[in-house]
Amino acid sequence: MPTLSRRDFAVSAGLAAALGLNARLAVSPAFAQVTPDPAQGFVTYKVGAAEVTALYDGIWEKAHDPAFIANASVEDVKNAMIKAGFTPDFVSIPFTVAVVKTGGKTILCDSGTGAQVQPTAGKMMANMKAAGIDPAKIDTILISHFHPDHIFGLMEKGTNKPVFPQAEIVVSDVEYKFWTDPTVVDRLNEARKGLAKRIQAVFPTWTNIKQVSGEPEVAPGIRFVSAPGHTPGHRAFHLSSGSSQLMISNDTAYVPALVVANPGWHGQYDQDPATAEATRRALLDRVIADKIPICGYHFPFPGAGTISKDGTGYALTPMKA
Ligand SMILES: [Zn+2]
């Protein structure tokens, strides 16, 4: 679905007014994107001999919701957004997919939203082509976890046909078993039942999904790092090339303005918030101790930076694009 421009929004609001509707209620904020997309939707940087390309998939300007952070108020969330240099009007949640070229292989890290999660996202494929990366040449896709914004890019809308049939898709066995357990649908909250049903209808029919346990090397110089809590089998990916490293943290510290600054905040999307917090602290401490740059799926585009201690929390210093 193409993103509507601000002009479209103005027309919609005008139309709503003409119909006697309250434009603020009648027009979904998701269609009125405030944050400009980056001028160039891909950024390439080196990690040793490996080449990492950050592909912009879009942004979700999430309306405030008191349930979003269990142990912080909407006011606290707004103040944290301001402190990190963002507008307090919504929570900025960009989606950025990394492609790593290393050891002669092209590796996609998660798959984007497939334009099936937010109307303002689904730009990864266009940006991949703009970056000169042929989707048919992706050898391996590493999946951090099975939330829609990370896996819907694997499946075509409506048909569920595989978008990358030639690639090997590597997933944690814990994550795979959790979502494909026939009893999980009954145990999940309402918002997640449809996701589990789609996974169960599609993934077992594909022959190119490889389940791995523990923290093995899953591509040349890339290891899974156990990072549970956000979901039971959530994984970060550790890339090393020569003496250089990168921690691809995925959703361990998803919105840095909130949970890097306040690692003890318990987000609604962390399935097991206490475990997610312990994982987050351990991973952030590790990248500080080992002086490893970090990137994250929901970090401000292009998504890479460094972590330092900051009072009782941490701070992200973004890489300059
Ligand atoms: Zn996510």
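**Figure 1. Contacts across the whole chain.** Of the contacts in the chain with a separation of 6 or more, 66% join residues 24 or more positions apart. The model is predicted. Its mean pLDDT is 91, and 90% of the residues reach 70 or more. Residues 1-27 have pLDDT below 50. Beyond near neighbours in sequence, this stretch has 21 contacts in the model.

**Figure 2. Overall build.** The chain holds 10 helices and 14 strands. Its radius of gyration is 19 Å, close to the 20 Å that the globule rule gives for 321 residues, so the chain is as compact as a globular protein of that length. Along the principal axes, the C-alpha atoms fill a box of roughly 60 × 50 × 45 Å. Buried residues make up 43% of the 321 residues.

Figure 3. Seven strands form an open sheet in the order 1-2-3-4-5-6-7. The pairing is mixed. Strand 1 (42-47) and strand 7 are the edge strands, and each pairs on one side only. From one strand to the next, the twist averages 25 degrees. Strand 1 pairs with strand 2 (residues 50-62) in the antiparallel sense, over six bridges. Look for Phe42, which stands opposite Leu55 in strand 2.

**Figure 4. Helix 6 on its sheet.** Helix 6 packs on the sheet and touches strand 6 and strand 7. The direction of helix 6 makes about 85 degrees with that of strand 6. Which residues of helix 6 (residues 173-180) are buried? They are Val174, Glu175, Tyr176, Phe178 and Trp179. These buried residues pack against strand 6 (168-172), helix 7 (184-187), helix 8 (190-202) and strand 7 (209-212).

Figure 5. Strand 13 (residues 304-310) and strand 14 run antiparallel, joined by six bridges. Strands of a sheet pair through backbone hydrogen bonds. Lys309 stands opposite Tyr314 in strand 14.

Key:
Residues are numbered from 1 along each chain as its sequence is written. This is a predicted model: local features need pLDDT of at least 70, side-chain atom pairs count only at pLDDT 80 or more; totals for chains, interfaces and linings use all residues. pLDDT is the predictor's confidence in each residue, from 0 to 100. Two residues are in contact if their C-beta atoms, placed from the backbone, lie within 7 Å. Helices (H or I, at least four residues) and strands (E, at least two) are DSSP runs, numbered from the N terminus. The radius of gyration is taken over C-alpha atoms; the globule rule is 2.2 Å times the number of residues to the power 0.38. A residue is buried if 20 or more other C-beta atoms lie within 10 Å of its own, exposed if 12 or fewer, and partly exposed in between; C-beta atoms are placed from the backbone. Two strands pair if DSSP finds at least two bridges between them. Axes are lines fitted to C-alpha atoms, for helices over the stretch in contact, and angles run from 0 to 180 degrees between N-to-C directions.
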